[in-house]
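This briefing is meant to be read beside the sequence and the coordinates. Please keep both in view while working through the points.

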Amino acid sequence: MGLLGDELAFAHALTAPERESVMALGSRRSYPADGRLLTEGDRSTHVMIMISGWVTVSVSTDRGATRLILGLRGPGELLGEMAALDPHPRSATVRALGPVDAQVIPGDAFRRFLALQPRVSGLVIRQLTFRLRSADQERSALASLTVLQRLASRLTELSSAAPSGPYAPASRAGPAHRTRPAGPVVHLAQDELAATVGATREAVAKALRLLRTQNVVRTGNRMVEILDPGLLALLADGHQE
């Protein structure tokens, strides 16, 4: 399972001239927290390159209002490329986790750019392939892993992300160190966590209660603090206490 991926972000894989050229095709736009950048089913064709902030990528499920979060995207990531490359509607909704800045590029301009830049076109194909493989892994995890395993795996992934990711690393500096977290903190609400593992909020709340009783995590308002990363990783692998 993986929301963040291990690939180098699209814009960071470009050379300086390539990056300058592609960014010049569009304009910068800001979005507020919880704002929609792209909407599933929409027929727009523009693409976006993330400049700052983080977003969730989600799809609707058979349960109607329930959504499944397929990915978290941050600075440098390319969004919306599938709708720019084929005539089908948007396949997912992209929503801001906090304030976001992105470069918005018209789909036709982006396609012309790729036609003239075969190396960049290869980067887009590689990204699409990686994300399709990741989606296959997510579907396999939904079918074969328990909610506890999926949650433990997701918390392990998010808490191990780079410091620029959507979580706060531990900090013991300063006079208020006793009130600071002892371990990495994942800043997602329970319903958002549930959407990242394809489970109900109630099922995730039950799994979190179990993790709290084992002193693996501590929870608060929109946060899960990881107290025992080693045990969390064991649970993700299927070891039961």
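The model is predicted, and its secondary structure comes to 8 helices and 12 strands. Of the 241 residues of the chain, 44% count as buried. Among contacts in the chain with a separation of 6 or more, 72% are accounted for by residues 24 or more positions apart.

**Helices H5 and H8**

- Helix H5, which covers residues 147-159, packs with helix H8, residues 229-236, at an angle of about 135°, and the two axes are 7 Å apart.
- Because angles of 65 to 115 degrees count as roughly perpendicular and those over 145 as roughly antiparallel, H5 and H8 are classed as oblique to each other.
- The crossing that H5 and H8 make is left-handed.
- On the H5 side the contact is made by Gln149, Ala152, Ser153, Leu155 and Thr156, which meet Leu232, Ala233, Leu235 and Ala236 of H8; by class, the residues of this contact divide into 6 nonpolar, 3 polar and no charged.

**Helices H6 and H7**

- Helix H6 (residues 190-197) and helix H7 (residues 201-213) have axes 8 Å apart and pack at an angle of about 100°, so that H6 is roughly perpendicular to H7.
- From H6, the residues Gln190, Asp191, Leu193, Ala194 and Val197 meet Arg201, Val204, Ala205 and Leu208 from H7; the contact of H6 with H7 comprises 6 nonpolar, 1 polar and 2 charged residues.

**Asp101 in strand E8**

- Asp101 lies in strand E8, which runs over residues 100-105, and at 16% relative accessibility this aspartate counts as buried.
- A polar contact joins the side chain of Asp101 to the side chain of Arg28, at 3.0 Å.
- When neighbours within four places in sequence are left aside, Asp101 is in contact with Arg28, Arg29 and Ser30, and also with Met50, Ile51 and Ser52.

**Positive phi in two loops**

- As background to the next points, most residues other than glycine have a negative phi.
- Asp34, although it is not a glycine, has a positive phi of about 75°, and this residue is found in the loop between strand E1 (27-31) and strand E2 (36-38).
- Arg222, likewise a residue other than glycine, has a positive phi near 55°, and its place is in the loop between strand E11 (217-220) and strand E12 (223-226).
- With a relative accessible area of 37%, Arg222 is partly exposed, because that value falls between the cut-offs of under 20% for buried and over 50% for exposed.

How values were computed. Residues numbered from 1 in each chain as written. Predicted model: local features only at pLDDT ≥ 70, side-chain atom pairs only at ≥ 80, totals over all residues. Heavy atoms only, no water. Helix = DSSP H or I, 4+ residues; strand = E, 2+ residues; numbered from the N terminus. Buried < 20%, exposed > 50% of the residue type's maximum accessible area, 1.4 Å probe, protein only. Polar contact = N/O pair within 3.5 Å; in protein donor to acceptor, adjacent residues only side chain to side chain. Contact = heavy atoms within 4.5 Å. Axes fitted to C-alpha atoms, helices over the stretch in contact; angles between N-to-C directions. Parallel < 35°, antiparallel > 145°, perpendicular 65-115°, else oblique. Left-handed = near helix turned anticlockwise from the far one by under 90°. Nonpolar A, V, L, I, M, F, W, Y, C, P; charged D, E, K, R; others polar.
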